Amino acid sequence: MSASDYVARAEKVILELQKQEGKNYRNFTTSKIRNILSMVNEIYNEVMSDNNEKLSDRIQDKIMHLKVRLIYECGRERIVKKFYDKAGLDEIISSIGDSREKFVSFVRYMEALVAYHLYHGGKE
């Protein structure tokens, strides 16, 4: 996913979710989306400290654990599930495999989602 693709996609996801949810969108607080980004950034920091083009089995395991944690959050909060689905996170995470490049693109997409959430009036 190129930079212009993930930026445009992130804004579209947030705007569509906001429109679809209406007043319920305020239940999707910035802290909820930041918690997701925090989990992603923990893995990202490890990936950036390793110069290999392929992700290690340990990092791949952490990415899959991230997916499980996201699924858990989806079960707890209906709005998180809608965000997860609309953003296509399941497909994106599943396609990362051992690709450092795909993981870095995923991280940037997540950052863009948080930025547009805040930009378009996401609650703290």
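**Crossing of helices α2 and α6**

Helices α2 and α6 cross in a left-handed manner. The model is predicted. In it, the axes of α2 (residues 30-48) and α6 come within 10 Å and cross at roughly 155°. Angles over 145 degrees count as roughly antiparallel, so α2 is roughly antiparallel to α6.

The contact draws on residues from both helices. On the α2 side it involves Thr-30, Ile-33, Arg-34, Ile-36, Leu-37, Val-40, Asn-41, Ile-43, Tyr-44, Val-47 and Met-48. These meet Arg-100, Phe-103, Val-104, Phe-106, Val-107, Met-110, Glu-111, Leu-113, Val-114, His-117 and Leu-118 of α6. By class, the contact of α2 with α6 has 16 nonpolar residues, alongside 3 polar and 3 charged ones.

Helix α6 was also examined alone. It holds 20 residues, numbered 100-119. Just after α6 comes Gly-121, with a positive phi of about 90°.

The protein chain has 6 helices and 0 strands. From the N terminus on, its elements run α-α-α-α-α-α. The radius of gyration of the protein chain is 14 Å, close to the 14 Å that the globule rule gives for 124 residues; the chain is therefore as compact as a globular protein of that length. Along the principal axes, the C-alpha atoms of the protein chain fill a box of roughly 45 × 30 × 25 Å.

Terms used:
Residues are numbered from 1 along each chain as its sequence is written. This is a predicted model: local features need pLDDT of at least 70, side-chain atom pairs count only at pLDDT 80 or more; totals for chains, interfaces and linings use all residues. Side-chain values use heavy atoms; hydrogens and water are left out. Helices (H or I, at least four residues) and strands (E, at least two) are DSSP runs, numbered from the N terminus. The expected span of a helix is 1.5 Å times one less than its number of residues. Axes are lines fitted to C-alpha atoms, for helices over the stretch in contact, and angles run from 0 to 180 degrees between N-to-C directions. Angles under 35 degrees count as roughly parallel, over 145 as roughly antiparallel, 65 to 115 as roughly perpendicular and the rest as oblique. A crossing is left-handed if the near helix is turned anticlockwise from the far one by less than a right angle, and right-handed if clockwise. Contact means heavy atoms within 4.5 Å. Ala, Val, Leu, Ile, Met, Phe, Trp, Tyr, Cys and Pro count as nonpolar, Asp, Glu, Lys and Arg as charged, and the others, Gly among them, as polar. The radius of gyration is taken over C-alpha atoms; the globule rule is 2.2 Å times the number of residues to the power 0.38.
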